[in-house]
Amino acid sequence: MKTSTFFGRPLLAGVALLLALPTIAQGPAPVVLTADTAPAGVRPALTREETALADPMREALRTLPLAKKKFLAGLPTGDQFLLSVRVIATDTSFRQASARVLGWHGNTVQALLLPPADAAVKAEPTPVSFPETAVVDWTLLRASGREEGNYVGRYIDTSKQMESLPFR
């Protein structure tokens, strides 16, 4: 037993260092927002979005505990559990980002923050850790392509489709 403990600590330290390398190479780590930690300049935009997305966010957060249980019970090979969070973009704005969950310890999530799909420069996912209170939406993406959750995402997609319809 002492042998595995001895080798386990350096291995864990090495894994932590490897996870930190993309962050070091890219500069400062992204800041995941919660309502409590949002800078004053970002709060008005955050409040506007929370008002506009109140119903789908409420449903996403209501169903999050069951989705968390599914993740903690173990997902089949090929399935991914994604969380939508907000990340500071500038002093007065934020963007919604997807994070692929790696682990969940109590109320803290360890994840890989995925780069924006429209990013001009190909970027690697960034390791992040954030409180469960930062979650805006969740999606369980099955290997078959079927998805569960994504309440806010579907609402936004539907809103964009409705806006593009011509007036009669």
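The model is predicted, with local features needing pLDDT of at least 70, side-chain atom pairs counting only at pLDDT 80 or more, and totals for chains, interfaces and linings using all residues. Residues are numbered from 1 along each chain as its sequence is written, and side-chain values use heavy atoms, with hydrogens and water left out.

Trainee: Why is the pair Arg58 and Asp55 called a salt bridge?
Mentor: A salt bridge needs a side-chain nitrogen of Lys or Arg within 4 Å of a carboxyl oxygen of Asp or Glu. The N to O distance for Arg58 and Asp55 is 2.7 Å, so the pair qualifies.

Trainee: What makes Arg58 count as exposed?
Mentor: Exposed means over 50% relative accessible area, buried under 20%, and partly exposed in between, with a 1.4 Å probe and protein chains only. Arg58 has 52% relative accessibility, so Arg58 is exposed.

Trainee: What makes Lys68 buried or exposed?
Mentor: Lys68 has a relative accessible area of 15%, so Lys68 is buried. The side chain of Lys68 also meets that of Glu132 in a salt bridge, at 3.0 Å from N to O. The two residues are 64 residues apart.

Trainee: How many salt bridges does the structure hold?
Mentor: The structure holds seven. Lys70, Asp79, Arg142, Arg146 and Glu148 are linked in a network of them.

Definitions and conventions: Helices (H or I, at least four residues) and strands (E, at least two) are DSSP runs, numbered from the N terminus.
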